[in-house]
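Here are a few friendly notes to read beside the model. Please keep the picture open as you go.

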Amino acid sequence: IGLPLVSGYILVGILAGDDILGIITEESIRSLRIVDEVALAFIAFCAGAQLHFKSLESRSRSIFLTTVNLVFFTFTFGTLTMFALHKSLKFMQGMSVQQSWAIAMLG
């Protein structure tokens, strides 16, 4: 198909999970948490190994601007959403407006 190996790892994990084929049950997933962490590290390592940094150099400005925009908009949207919902969130009830903003910015 021509997809990176990481795509295959993710697809197999989704298929084998409790929701589709049920090969790996939810209890097994909880008990194999350390394997999960190691697998995620391995997937990240494989994804990084498939990056071609020389081809990314010409796109560095675009990558930088995209990253900055994603961080900014995610932070802004997350903060505003959490503050808008602060009266509905049990752990934020009874907080002052300043405290709610502070927690929303951390959220």
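This is a predicted model: local features need pLDDT of at least 70, side-chain atom pairs count only at pLDDT 80 or more; totals for chains, interfaces and linings use all residues.

1. Residues are numbered from 1 along each chain as its sequence is written, and side-chain values use heavy atoms, leaving out hydrogens and water.

2. Look at α5 (residues 60-84) and α6 (residues 97-106), which pack at an angle of about 140° with axes 8 Å apart. Helices here are DSSP runs (H or I, at least four residues), numbered from the N terminus. Axes are lines fitted to C-alpha atoms over the stretch in contact, and angles run from 0 to 180 degrees between N-to-C directions.

3. Which residues of α5 and α6 make the contact (heavy atoms within 4.5 Å)? From α5 come Phe75, Thr79, Leu80, Met82 and Phe83; α6 brings Val97, Ser100, Trp101, Ile103, Ala104 and Met105.

4. The residues of this α5 and α6 contact comprise nine nonpolar, two polar and no charged. Nonpolar covers Ala, Val, Leu, Ile, Met, Phe, Trp, Tyr, Cys and Pro, charged covers Asp, Glu, Lys and Arg, and the others, Gly among them, are polar.

Methods: Helices (H or I, at least four residues) and strands (E, at least two) are DSSP runs, numbered from the N terminus. Contact means heavy atoms within 4.5 Å.
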